[in-house]
Amino acid sequence: MLHTRLRANLPGTLSTESTTACKFQSQKSILFGCPSVDGILGGEFRCGQVVELCGPPLSGKTQLSLKLIATALQENESCRIFFMDTCGQFNPQRLFDILSAANCTPDEVQRHLGRVDIARVSTCERLLQLLDSCSDWAATHAVAPGSAIVIIDILHSLLAPFVGGKSFSDYRFLNAVGQALGYVSGSLGMTVLYTNSAFSSDGRSYSPALGTYWSSIPHHRLLLTRNKDDESFPLRFGVEVLRSISMPSHKHTAAEFQLDTEGHFFPNA
C-alpha cells in the first residue's frame with residue numbers, strides 16, 4: 001500500500017515534491033461559491049491542488065467546505081466527492097440546505113448528494129489506507145482527473161498526537177500523510193481540501209495547529225475567523241490567505257463574508 005512504500009524521511013525533511021509539481025494541474029479554477037473567498041484567491045486555486053482551511057472552532061471551516069462541495073457538484077456533472085470524516089460530524093442536511101439555497105430542485109439535490117461518498121476515519125492508519133484507495137475509488141466510479149475532490153474534515157484531529165513530537169515515529173506519520181496528499185493530488189490529479197484547527201495565545205492572532213513543519217504541504221492556506229460578537233444570523237466571518245504558491249509571500253490578502261440561516265454566503269455590506 002502507499003503508506004508502506006513511502007520513504008521514511010528524516011525529521012525536518014518533509015517531502016512535498018509531488019504536492020508542488022502536480023502533473024494533472026489544469027487551468028481550471030476551483031470555486032468555493034463564496035465571492036469573498038474566491039475573490040482573494042483570484043482564481044488561483046486549481047484542479048489538482050491542495051488547500052487548507054484552518055481556524056478556531058466555529059469559524060466556518062466545515063460550512064465553507066460544504067459550500068465548495070455544493071458548488072463543484074452543480075458546476076460539473078462528472079464531479080464526485082470523497083468526504084473523509086474524522087469526527088463523525090458530517091451532516092447531510094447541511095449540504096442539502098446549501099444546495100437548496102442555490103435553487104436546486106429536490107430531484108437535483110438528490111442527484112448531487114448521490115455523488116458524495118462518505119467514510120468515517122478514526123485513525124491515522126485508516127486515513128492512509130483511504131488515501132491509498134483513492135485510485136480504486138475513482139476507477140470504480142469512472143471519475144476523470146480534475147473531476148474528483150477529496151475532503152478531510154478535520155485532519156488535525158488525527159495528526160495532533162504526532163505534532164510537536166520528537167520521536168522518529170512522530171515525524172514518520174506526518175511525512176506519510178503529507179506524501180499521501182501529494183500522491184492524491186500530484187499523481188492522481190485530485191483536488192484536496194482539508195480542515196485544520198488554529199490556536200491563539202492572545203485571542204486576536206491565530207496560528208495553524210499543523211504549524212511550520214507542515215506549512216509547505218498545501219498550495220493554499222486560508223485562515224478563517226468568526227466575529228465573536230455575533231449572537232444571531234447573519235454570522236460574520238473573516239478569511240485571510242496565509243500562504244499561496246500563486247501570491248508573493250509579503251502580500252497580505254483578507255476579506256469578510258456573511259452566512260445567513262438558509263445557507264447563503266455573501267460579502268459583508
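There is one cavity of 30 Å³ or more in this structure, which is a predicted model. The largest cavity holds about 120 Å³ of space. Its lining is made of 14 residues, and Lys 28, Ile 30, Ala 72, Asn 76 and Ile 149 are the closest to its centre. Sorted by class, the lining of the largest cavity has six nonpolar, six polar and two charged residues. Helix α4 gives the largest share of that lining, three residues, and strand β4, residues 148-153, supplies at least two.

Now stay with α4, which spans residues 61-75. How does α4 pack with α5? The angle is about 55°, and the axes are 9 Å apart. That angle makes α4 oblique to α5. The crossing of the two helices is right-handed. On the α4 side, the contact is made by Thr 62, Gln 63, Leu 66, Lys 67, Ile 69, Ala 70 and Gln 74. On the α5 side are Arg 94, Leu 95, Ile 98 and Leu 99. By class, this contact has six nonpolar, three polar and two charged residues.

Last, the pockets. The largest one has a volume of about 250 Å³. Of the 15 residues that line the largest pocket, Gln 63, Arg 94, Phe 233, Leu 235 and Leu 259 lie nearest its centre. Helix α5, residues 92-101, and strand β8, residues 235-244, each supply at least two residues of the pocket lining. That lining divides into five nonpolar, five polar and five charged residues.

Definitions and conventions
Residues numbered from 1 in each chain as written. Predicted model: local features only at pLDDT ≥ 70, side-chain atom pairs only at ≥ 80, totals over all residues. Heavy atoms only, no water. 1 Å grid on protein atoms, 1.4 Å probe; cavity = no way out; pocket = protein on both sides within 12 Å on 5 of 7 lines; lining within 4 Å. Points joined across faces, edges and corners; volume = space filled by probe spheres on them. Helix = DSSP H or I, 4+ residues; strand = E, 2+ residues; numbered from the N terminus. Nonpolar A, V, L, I, M, F, W, Y, C, P; charged D, E, K, R; others polar. Axes fitted to C-alpha atoms, helices over the stretch in contact; angles between N-to-C directions. Parallel < 35°, antiparallel > 145°, perpendicular 65-115°, else oblique. Left-handed = near helix turned anticlockwise from the far one by under 90°. Contact = heavy atoms within 4.5 Å.
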